[in-house]
Amino acid sequence: MTNKLTKNILSVLSLFCSIFIFSQTETIEKRVEDLKILEISKGVSLHIVSPEPIQFVDLSTNNLTGDLPAENIARIKITENSVSDSTKIGTKINMNDLGVITVVCQSFMAQYKVSYLNYKKEAVTNIQIQPEDMQPLEYPKMSFSNTELQKFSLDILRKKEIKNPIREVKSLKLTMQINNVYVVNDYIFLDMTFLNSSNLGYDIDALKFSVEDKKIYKATNNQSIALHPVYQLYNQKQFKKSYRNIYVFKKFTYPNSKVMKIRLIEEQLSGRAIEMKVKYSDILNADTF
């Protein structure tokens, strides 16, 4: 009898825990009345700041107007009336229902109900999207947001010491080296350092990645496929002595007959350039972290 009672208690506790966890991670539906309320005044813009790039913003009524002044900032304000209908402001604005703002980012969405605030001095000019306002979005497997890629990249800089680079080339008092290659799920991280031993600062015009044939028999037969990072930690355009950065690519492969080429090109007129070839074995031997 005691064992049966114990099993029943454990079953109930297990069910309770499952329901609790599910309720914390999944939202079946959300009603307008459940949304957090944002108060906005006429003539005052509300800036919604997101921790990651905003994909788009939906405004449910014509009472609101908005734009994206930066990739992680949505600017919202009450739609201004023209001079001809300025006397009808009171009838056009529903103080209790200006609409709903939906902000969709890379890995979550946030929704707010907007109400009219008559006291401009008390109006909020900016808010940060808080974790409790975020509703996770389901993305294809192995997909990371820029925020997650930034976290991984910073983790490489903090925890991985540069010992012996796996690739290094030198030319014109410039050094390009690949410190290491890392793989996280379907992403490849290149940890790279650029060194300048001259007294002239280096102004970066471009850093180009491509996959090309190892041997070129005829110029017309050469196939070059450009590779574009999906993320890079820093967007620095000039360095004096040294520059380290992380470049992130979605998983790619290439046969032994081809190599990956990396070209660092300086702005004109000097045009100091340096080029590196990376074997596929360097990618296959990538570390994890």
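## Two loop residues with positive phi

Lys-173 sits in the loop that joins strand 10 (167–171) to strand 11 (174–184); helices (H or I, at least four residues) and strands (E, at least two) are DSSP runs, numbered from the N terminus. Its phi is near 60 degrees, a positive value in a residue other than glycine. Most residues other than glycine have a negative phi. Lys-173 counts as exposed because its relative accessibility is 56%. The classes used throughout are buried (under 20% relative accessible area), exposed (over 50%) and partly exposed (in between), with a 1.4 Å probe and protein chains only.

Asn-185 is not a glycine either, yet has a positive phi of about 55 degrees. With 44% relative accessibility, Asn-185 counts as partly exposed.

## How to read the model

This is a predicted model, in which local features need pLDDT of at least 70 and side-chain atom pairs count only at pLDDT 80 or more, while totals for chains, interfaces and linings use all residues. Residues are numbered from 1 along each chain as its sequence is written, and side-chain values use heavy atoms, with hydrogens and water left out.

## One side of helix 3

Helix 3 (residues 146–159) has 14 residues and reaches 20 Å from its first C-alpha to its last. That is close to the expected 20 Å, the expected span being 1.5 Å times one less than the number of residues. Which residues of helix 3 are buried? They are Leu-149, Phe-152, Ser-153, Asp-155 and Ile-156. These residues cover an arc of only 155 degrees around the axis, so they lie on the same side of helix 3; the arc is that of the directions from the helix axis to the C-beta atoms.

What do the buried residues of helix 3 pack against? Their partners are strand 11, strand 12, strand 15 (231–232) and strand 17 (242–250), where contact means heavy atoms within 4.5 Å. On the face turned away from the buried side, helix 3 carries the exposed residues Lys-151 and Arg-158.

## Salt bridges

Side chains of opposite charge can pair when their charged atoms come close. The structure holds 11 salt bridges, each being a side-chain nitrogen of Lys or Arg within 4 Å of a carboxyl oxygen of Asp or Glu. One of them joins Arg-167 and Asp-282, at 2.7 Å from N to O. Arg-167 lies in strand 10 and Asp-282 in helix 4 (residues 280–284), so this pair ties together parts that are 115 residues apart in sequence. Arg-167 is partly exposed at 24% relative accessibility, whereas Asp-282, at 13%, counts as buried.

Lys-258 forms another salt bridge with Asp-213, with the closest N and O atoms 2.5 Å apart. Here strand 18 (residues 258–266) supplies Lys-258 and strand 13 (residues 202–213) supplies Asp-213, so the pair ties together parts 45 residues apart in sequence. Lys-258 is buried at 12% relative accessibility, and Asp-213 is buried at 16%. Asp-67 and Arg-75 also meet in a salt bridge, at 2.6 Å from N to O; Asp-67 is partly exposed at 35%, as is Arg-75 at 31%. Finally, look for the network of salt bridges that links Glu-212, Lys-261, Arg-263 and Glu-275.
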